[in-house]
Amino acid sequence: MAKQQKLGRLIYFASIPLRLTLPDSLENIKEVAFRTVPRATKIEIKRVLESVYGLEVEKVNTLNMDGKKKMNRRKGFFYREPAYKKAYVILRNPVTLSKDFFPLNALSAEKESK
């Protein structure tokens, strides 16, 4: 699986927000990782990806992740980030993403051209 980064595109549909993590390469992507709300099920994720984006989904694996516990040093109390669910989706047919799909690639292309 590709490295996961915090940047991504947040997509809202069917009351299930999904955040696509950045893949290493944009060509021949067979496995995609999403970050979503804990109440999303495998069947919902699969149906949304097939109906909205026209992707042929072979398998969906999910992980429930607890929110990280952090401390506010000024006020001296602990708080917890919200829990989330990771969804690893295996596609039947490899997908190639356009270069301007993620804004990060657009910024790096501008720097190279200057």
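I counted a charge as sitting over a ring if NZ of Lys or CZ of Arg is within 6 Å of the ring centre and within 35 degrees of the ring normal. I then noted that this is a predicted model, in which local features need pLDDT of at least 70, side-chain atom pairs count only at pLDDT 80 or more, and totals for chains, interfaces and linings use all residues. Residues are numbered from 1 along each chain as its sequence is written, and side-chain values use heavy atoms, with hydrogens and water left out.

**Entry 1: confidence**

I looked up pLDDT, the predictor's confidence in each residue, from 0 to 100. The protein averages 76, and 68% of the residues score at least 70. Confidence is highest in strand β4 (residues 57-65), at a mean of 94, and lowest in helix α2 (residues 103-113), at 52. Where pLDDT is low, the predicted coordinates should not be read in detail.

**Entry 2: overall build**

I found two helices and seven strands, taking helices (H or I, at least four residues) and strands (E, at least two) as DSSP runs numbered from the N terminus. Their order from the N terminus is β-β-β-α-β-β-β-β-α. Of the 114 residues, 27% are buried, that is, under 20% relative accessible area, with exposed meaning over 50% and partly exposed in between (1.4 Å probe, protein chains only). I also looked up contacts (heavy atoms within 4.5 Å). Among those with a separation of 6 or more, 56% join residues 24 or more positions apart.

I located Tyr 84 in strand β7 (residues 84-95). Is Tyr 84 buried or exposed? Tyr 84 counts as buried because its relative accessibility is 19%. The charged end of Arg 35 sits over the ring of Tyr 84, 3.8 Å from the ring centre. These two residues are 49 apart in sequence, yet their C-alpha atoms are 6.8 Å apart in space. Leaving aside neighbours within four places in sequence, Tyr 84 touches Arg 35, Thr 36, Pro 38, Leu 63, Asn 64 and Met 65.

**Entry 3: the β5-β6 hairpin**

I recorded strand β5 (residues 69-72) and strand β6 (residues 77-80) as an antiparallel pair with four bridges; pairing requires that DSSP finds at least two bridges between the strands. The two strands form a hairpin with four residues between them, and Gly 76 in the turn has a positive phi of about 75°. Met 71 stands opposite Phe 78 in β6. The ring of Phe 78 also has the charged end of Lys 69 over it, 5.1 Å from its centre.
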